[in-house]
Amino acid sequence: MNTVLPLLSSLISFVFAFFVFNRYRTRKGTHLLLWGIGTLFYGIGGFCEFYYGAFGWDPLIFRLWYLFGAILVAAWLGQGTVYLLAKPGWAKALMIILLLGSLFAVYKVFTAELDPTLMAASGHTGSELSGRAIVTDGVRVLTPFFNLYGTLTLVGGAAYSAYIFWRKRILLHRAVGNILIAVGAMLPAFGGFFSRLQIPGALYLGEFLGIILLFLGFLRATIGMSEPVSVPAPAN
């Protein structure tokens, strides 16, 4: 499970990214571009987890996983939702902050000192990747800030959109899609929580189910439900 699930999550993420970038190509919209980048980050994180499960420790793979999978993915997906719902001025200002923060995270992660012997200290007996391998101060503290921003914007934005569509009783397929997106965005966090309770594979299962629901939610929200065909009444 610690190799198959991350691999499946990665493959689904890259397919998802193809769909998002293809929609961006035809429809434009900065939110689509950012969602596409976010799904690529999700796929990179999943691939790194697969690599670790299949081949073991590698410093580069670990750094890539921590940067894209643990720090950036949620924030970039959430920023896409910000561009969709917020005023342009706010969206651009937050984008500048996210870019600067992301560059700072790149620097901190790739200059951090690593100790692979601390992987087992996470309670997973080394079966899952853990940020505890980073021993340089000031790196792991970045993760909650990025993830909190990403969770609030992605989950909050999807829940808000679902509520608006449901209350107005219009485009209900988008309400369903946004509910799926909100739930899917929360599942990796739940997986991480149960993983910290020493439940093996919880993180990877949460990520796998999460990307499936995110993908299904995107498809449901962007592909309209077929409208019933009106058949004229026969003339008397």
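Guide: Let us begin with glutamine 79, which, apart from neighbours within four places in sequence, is in contact (heavy atoms within 4.5 Å) with Leu34, Ala91, Leu94, Met95, Leu98, Tyr149 and Thr153. This is a predicted model, in which local features need pLDDT of at least 70 and side-chain atom pairs count only at pLDDT 80 or more, while totals for chains, interfaces and linings use all residues. Residues are numbered from 1 along each chain as its sequence is written, and side-chain values use heavy atoms, with hydrogens and water left out.

Is glutamine 79 buried or exposed? Its relative accessibility is 0%, so glutamine 79 counts as buried; the term buried means under 20% relative accessible area, exposed means over 50%, and partly exposed lies in between, with a 1.4 Å probe and protein chains only. A polar atom of the glutamine 79 side chain lies 3.1 Å from the backbone oxygen of alanine 91, a polar contact (a pair of N or O atoms within 3.5 Å, one able to donate a hydrogen and the other to accept it; residues adjacent in sequence count only if both atoms are side-chain atoms). Alanine 91 is also one of the residues listed above as contacts of glutamine 79.

Glutamine 79 belongs to helix 3, which runs over residues 59-85. Helices are DSSP runs of H or I with at least four residues, numbered from the N terminus.

From first C-alpha to last, helix 3 reaches 38 Å, close to the 39 Å expected at 1.5 Å a residue, where the expected span is 1.5 Å times one less than the number of residues.

As for the setting, the chain has seven helices and zero strands. Of its 236 residues, 44% count as buried. Among contacts in the chain with a separation of 6 or more, 71% come from residues 24 or more positions apart.

Note on methods: Helix = DSSP H or I, 4+ residues; strand = E, 2+ residues; numbered from the N terminus.
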